[in-house]
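Here is a short report on one protein. The structure comes first, and the notes follow.

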Amino acid sequence: MLALKAACADETQVMTVPHNDMEALEEICREHEAVAYICDSVYSTGGTVAPIRELTRLQAEYGLFLYFDEAHSTSVVGANGRGHALDVMGSTNERTMIITSLNKGFGASGGAIEPLPVMDHDGV
């Protein structure tokens, strides 16, 4: 994800929020009309997890777009190995995207995206 940060910054403003600092994220949501929060649902070191319930509260209140990388929890966390985000949320919605690599958890190649985004006629 870090490799894409510079490429995204060519097209939009990119800010870094300290891990799980929901007060800082909420302030950004108050100040900007459209905000996307990109994070690992389970961080690769220390066993720390993203505060999914607080993130979904911000999503409901401000329309926050959530993008979860589930590579560290797919196959080992949640019912049937579905990962931390889905285990807490139960399902996704049109403002949530979950991506994962099958390489780490399942020892397979490939990846998965849930859900596939729906685009309008302008490709947005």
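## A buried strand residue

T96 lies in strand β3, residues 96-101. Strands here are DSSP runs of E with at least two residues; helices are runs of H or I with at least four, and both are numbered from the N terminus. T96 counts as buried because its relative accessibility is 2%. Buried means under 20% relative accessible area, exposed means over 50%, and partly exposed is in between (1.4 Å probe, protein chains only). T96 and A36 are 60 residues apart in sequence, yet their C-alpha atoms are 9.5 Å apart in space.

## Basis of the model

This is a predicted model, in which local features need pLDDT of at least 70, side-chain atom pairs count only at pLDDT 80 or more, and totals for chains, interfaces and linings use all residues. Residues are numbered from 1 along each chain as its sequence is written, and side-chain values use heavy atoms, with hydrogens and water left out.

## Overall layout

The protein has five helices and four strands. Along the sequence they follow the pattern α-α-β-α-β-α-β-α-β. The protein has 124 residues, and 31% of them are buried. Take the contacts (heavy atoms within 4.5 Å) between residues at least 6 apart in sequence: 52% of these join residues at least 24 apart.

## Helices α2 and α3

How do the axes of α2 and α3 cross? Helix α2 covers residues 22-31 and helix α3 covers residues 52-62; their axes come within 11 Å and cross at roughly 15 degrees. Axes are lines fitted to C-alpha atoms, for helices over the stretch in contact, and angles run from 0 to 180 degrees between N-to-C directions. That makes α2 roughly parallel to α3. Angles under 35 degrees count as roughly parallel, over 145 as roughly antiparallel, 65 to 115 as roughly perpendicular, and the rest as oblique. The crossing is right-handed, that is, the near helix is turned clockwise from the far one by less than a right angle.

From α2, the contact is made by M22, L25, E26, C29 and R30; from α3, by E54, L55, R57, L58, E61 and Y62. By class, six of these residues are nonpolar, none is polar and five are charged. Nonpolar covers Ala, Val, Leu, Ile, Met, Phe, Trp, Tyr, Cys and Pro; charged covers Asp, Glu, Lys and Arg; the others, Gly among them, are polar.

## The largest nonpolar core

The largest nonpolar core has 20 residues, of which L25, Y37, L55, L64 and F68 touch the most other members. Such a core is a set of buried Ala, Val, Leu, Ile, Met, Phe, Trp, Tyr and Cys residues joined through side-chain atoms within 4.5 Å. Elements giving two or more residues are α2, β1 (36-40), α3, β2 (65-69) and α4 (84-89). Helix α2 gives the most, with four.

Leaving aside neighbours within four places in sequence, L55 is in contact with M22, L25, Y37, C39, A50, L64, L66 and F68.

## Two loop residues

Y43 is found in the loop between β1 and α3. Y43 is buried, with a relative accessible area of 9%. Y43 and A71 are 28 residues apart in sequence and 9.4 Å apart in space, C-alpha to C-alpha.

N20 sits in the loop between α1 (2-9) and α2. N20 counts as partly exposed, at 25% relative accessibility. Phi of N20 is near 60 degrees, a positive value in a residue other than glycine. Most residues other than glycine have a negative phi.
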